[in-house]
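This report is meant for a reader who is meeting this structure for the first time.

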Amino acid sequence: MAEGNLPTTGGELEEKNEFPATATEESQVTSSDAELDVYNDPLREIAKVCVEKGNKEYRQGEANNAINSYTEGLKVNCKDKRLNAKLYSNRATAHFRLANYVECLDDATVAVQLEPSLIKAIKKGARACAELCWYKEARSWLHMGLTIENNNESLLQLMRKSNAELRVKANTYASLGCTYYNVGQFNTAIVYLQQSMAEGNLPTTGGGELEEKNEFPATATEESQVTSSDAELDVYNDPLREIAKVCLEKGNKEYRQGEANKAINSYTEGLKVNCKDERLNAKLYSNRATAHFRLANYVECLDDATVAVQLEPTLIKAIKKGARACVELCWYKEARSWLHMGLTIENNNEHLLQLIRKSNAELKVEANTYASLGCTYHNVGQFNTAIVYFQQCLEISKELGDKAGEGRSYGSLGIAYHSLREFKTAIKNHQRRLEITKEIENNNKRLLQLLRKTNSELIVRANNSCHLSNNYQGLGKFKAAIKYHQRQLEIDKVVKDKNEEGRNYCNLGSTYQSLGQFKTAIHTINVIKKLRKKWQTRPERENVIAISALLIAV
């Protein structure tokens, strides 16, 4: 763990041709220099000279000299907050170049306090945290940056790296916990398993990884899946409807231009109009949820998606956003509720299916961790705490429909209650486990019977294909024979009958040879050679060898 906490490269994520900000470079802060009363400050020009001097030294590879120049500029203490922010940001850049990551982070922090939208300072703060392996802190910086430039590839790349590293860290803590558990150091195991839970509660995506391609908010004219018409809702007579529509389209335009904050304001204005059209209001809430999601405001996104679905229960975009917000918040049970709601409307929606697979996988990891914690607390004699964790594991297993996991949880609860000498409760849990075990066994028997029946039917079909292919071959209709040989071969692969599969390849090779398609025939020989070792009896092997020799001779 200790040796793993170091950067993989010194400048692995360094942006190409990245230089510090200049004194004249435009900022994203909207207030003007006139408002800040900085032009009347005689010290401003001295600070500007220091910025440009430091920048020149940095470009020439003299990072230490650049740091000194930026420091001189800060000592001037001019009134221009923007200029001071750039001095701190540029000094952070120079510190980063020298691998002074703590000093870089300190300067980036001050720069952002002076000018909250200075993206270069935010990037440097995030990258310094990543180099220090402070990935949670890096994520905070990255969320700040993505609210300003939500499609910035450098920020998204860093977010993916931070999430991946945190996941590795969580897995390492889990492994350490299991190791300490196995050697009997249960208190230490508990510490690491709890750290694993804490580190593991983060999204695996980079923030926008599951974003659908070309996804935009709903338009005012977009068709809804609700069957009732606007006439029925008496909305066309509402004079406020047109105002709300204008706000919706304005917000959509701003969202497409990457101005998510402005889009939120426009959608909010549309909702304040309070028109009678519930569909239009649902779209306003849904689109505001989309904009909040883009800015990583997942709680606000979830709130808006909830209201949107209350107004229009089949608005699939709002349902997706609600589900994705829950996933990003690591609320996987809630995500599953949203996803089941969406799949009742679009049961083949690949995006929803992908999300439900992800939620199920994360819940299984969570259940396993709860089970490990329960066992560890049980071994140190904290039986009540163990029961709490076993019950959490049980709830997740029920949610997932994991009968085997449910049975194991009941068994663990039975053991814990027995340790507390609550024998009646222990018996109930053990009986429940026994019932589930029998249920699983019966299901397995039914599945095995069904599999045997299916295999028998497939074998009958394979035999019919075999007879047909032999008859067609006897008539000299080799193409038709090949068709039935191929059908038989497909069935042999399904039922995993290697002997029949081998015979069928032999027959195919012979038929292709009869057609004069020698290259294809030779290809079947190569397949036969690979399968030869898997055949069980000597006559079958000899038969293959004979046919192979015949084909080669031809």
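## Helix packing and nonpolar cores

Helices α4 and α6 are roughly parallel to each other, because the angle between them is about 30°, and angles under 35 degrees count as roughly parallel. This description, like everything that follows, refers to a predicted model. Helix α6 spans residues 119–131, and its axis lies 9 Å from that of α4. Where the two helices meet, S89, A92, T93 and F96 belong to α4, while K120, A121, K124, R127, A128 and E131 belong to α6.

Helix α4, which covers residues 81–97, also packs against helix α3, which covers residues 63–76. With an angle of about 160°, α3 and α4 are therefore roughly antiparallel to each other. On the side of α3, the contact is made by A63, I67, Y70, T71, G73 and L74, and on the side of α4 it is made by N84, L87, Y88, N90, R91, A94, H95 and R97. The two pairs are set out below.

| Helix pair | Angle | Distance between axes | Crossing |
|---|---|---|---|
| α3 and α4 | about 160° | 9 Å | left-handed |
| α4 and α6 | about 30° | 9 Å | left-handed |

The interior can be described next. In soluble globular proteins, nonpolar side chains tend to be buried together. The largest nonpolar core in this model has 46 residues, of which W338, L339, L373, Y377 and L413 touch the most other members. Helix α17, running over residues 350–379, gives the most to this core, contributing eight residues. At least three residues of the core come from domain 3 (238–347), and at least three come from domain 4 (352–443). Another core, of 28 residues, lies apart from it and includes A111, A128, L155 and L166. One of these residues, A128, is also among the residues of α6 that meet α4.

For the chain as a whole, there are 24 helices and zero strands. The chain has 554 residues, and 45% of them are buried. Among contacts with a separation of 6 or more, 63% are accounted for by residues 24 or more positions apart.

E490 and N504 are 14 residues apart along the chain, and their C-alpha atoms are separated by 9.9 Å.

Notes
Residues are numbered from 1 along each chain as its sequence is written. This is a predicted model: local features need pLDDT of at least 70, side-chain atom pairs count only at pLDDT 80 or more; totals for chains, interfaces and linings use all residues. Side-chain values use heavy atoms; hydrogens and water are left out. A nonpolar core is a set of buried Ala, Val, Leu, Ile, Met, Phe, Trp, Tyr and Cys residues joined through side-chain atoms within 4.5 Å. Buried means under 20% relative accessible area, exposed over 50%, partly exposed in between (1.4 Å probe, protein chains only). Helices (H or I, at least four residues) and strands (E, at least two) are DSSP runs, numbered from the N terminus. Domain bounds come from an automatic or database domain assignment. Axes are lines fitted to C-alpha atoms, for helices over the stretch in contact, and angles run from 0 to 180 degrees between N-to-C directions. Angles under 35 degrees count as roughly parallel, over 145 as roughly antiparallel, 65 to 115 as roughly perpendicular and the rest as oblique. A crossing is left-handed if the near helix is turned anticlockwise from the far one by less than a right angle, and right-handed if clockwise. Contact means heavy atoms within 4.5 Å.
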